[in-house]
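I opened the file to look up a few things and keep a record of them. The entries follow the order in which I checked.

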Amino acid sequence: MSYQEFLAERDKIDYLIEQGYYIKNVKENLSGAFVEFELKIPDSSGKKNTTQTLHIKNADARKYFSSLLIRQMKQAQ
């Protein structure tokens with residue numbers, strides 16, 4: 001079951017990244033991580049700061065978004 005949870009959470013993260021979102025903020029607590037994504041460019045409705053938040057519970061999915069965050073930070077330099 002844990003692997004299936006990882007796949008589901010990874011797919012949600014990948015979907016947002018593919019839609020043009022980037023990781024803006026991460027808040028961790030005992031129940032997992034709340035990862036806030038923000039849209040890089042305005043969407044078709046003209047909104048500029050559209051955000052989405054995912055609750056990531058699986059440890060492997062937390063490692064996965066951490067690696068994406070590191071890559072994102074390196075690209076910003």
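**Charged pairs**

I began with Asp60, which is partly exposed, at a relative accessible area of 39%. I noted that the model is a predicted one. The side chain of Asp60 meets that of Lys63 in a salt bridge, 3.6 Å from N to O. Lys63 is exposed, with a relative accessible area of 56%. I checked the spacing: the two residues are three apart in helix α2, so about one helical turn separates Asp60 from Lys63.

I then searched the whole structure and found four salt bridges. One of them joins the side chains of Asp11 and Arg10, at 3.4 Å from N to O. Asp11 is partly exposed, with a relative accessible area of 43%. Arg10 is partly exposed too, with a value of 27%.

Another salt bridge pairs Glu28 with Arg62, and the closest N and O atoms there are 2.4 Å apart. This pair links distant parts of the chain, since Glu28 lies in strand β1 and Arg62 in helix α2, 34 residues apart. I looked up the exposure of both ends: Glu28 is exposed at 53% relative accessible area, and Arg62 counts as partly exposed at 22%.

**A charged residue under cover**

Which side chain of opposite charge is nearest to Glu9? I found Lys12, 6.3 Å away. Glu9 is buried and has no salt bridge. The cut-off for a salt bridge is 4 Å between a side-chain nitrogen of Lys or Arg and a carboxyl oxygen of Asp or Glu. Glu9 is found in helix α1. I listed what Glu9 touches, leaving out residues up to four places away in sequence: His55, Ile56, Lys57, Asn58 and Ala61.

**Helix α1**

I checked the length of α1, residues 2-18. Its 17 residues, at 1.5 Å each, should span 24 Å, and the end C-alpha atoms are 24 Å apart, which agrees. The buried residues in α1 are Phe6, Leu7, Glu9, Ile13 and Leu16. What do the buried residues of α1 pack against? I found β1, β2, β3 and α2 (59-76). Just after α1, I noted that Gly20 takes a positive phi of about 100°.

**Strands**

I turned to strand β2, residues 32-39, and found it mostly covered, with six of its eight residues buried. Strand β1 (residues 21-29) runs antiparallel to β2, and eight bridges join them. A hairpin of two residues connects β1 to β2. I read off two facing pairs between these strands: Lys27 stands opposite Phe34, and Tyr21 stands opposite Leu39.

How many bridges join β2 to strand β3 (residues 51-56)? I counted six, and these two strands also run antiparallel. Glu36 stands opposite Thr53 in β3.

**Whole chain**

I ended with the totals. The protein has two helices and three strands, and along the sequence they follow the pattern α-β-β-β-α. Of its 77 residues, 27% count as buried. The accessible surface comes to about 5600 Å², and carbon and sulfur atoms hold 51% of that. I also looked up contacts between residues at least 6 apart in sequence: 44% of them join residues at least 24 apart.

Notes. Residues are numbered from 1 along each chain as its sequence is written. This is a predicted model: local features need pLDDT of at least 70, side-chain atom pairs count only at pLDDT 80 or more; totals for chains, interfaces and linings use all residues. Side-chain values use heavy atoms; hydrogens and water are left out. Buried means under 20% relative accessible area, exposed over 50%, partly exposed in between (1.4 Å probe, protein chains only). Helices (H or I, at least four residues) and strands (E, at least two) are DSSP runs, numbered from the N terminus. Two strands pair if DSSP finds at least two bridges between them. Contact means heavy atoms within 4.5 Å. Accessible areas come from the Shrake-Rupley method with a 1.4 Å probe; for residues, only the protein chains shown count as cover. The expected span of a helix is 1.5 Å times one less than its number of residues. Lys and Arg count as positive and Asp and Glu as negative; His and the chain ends are not counted.
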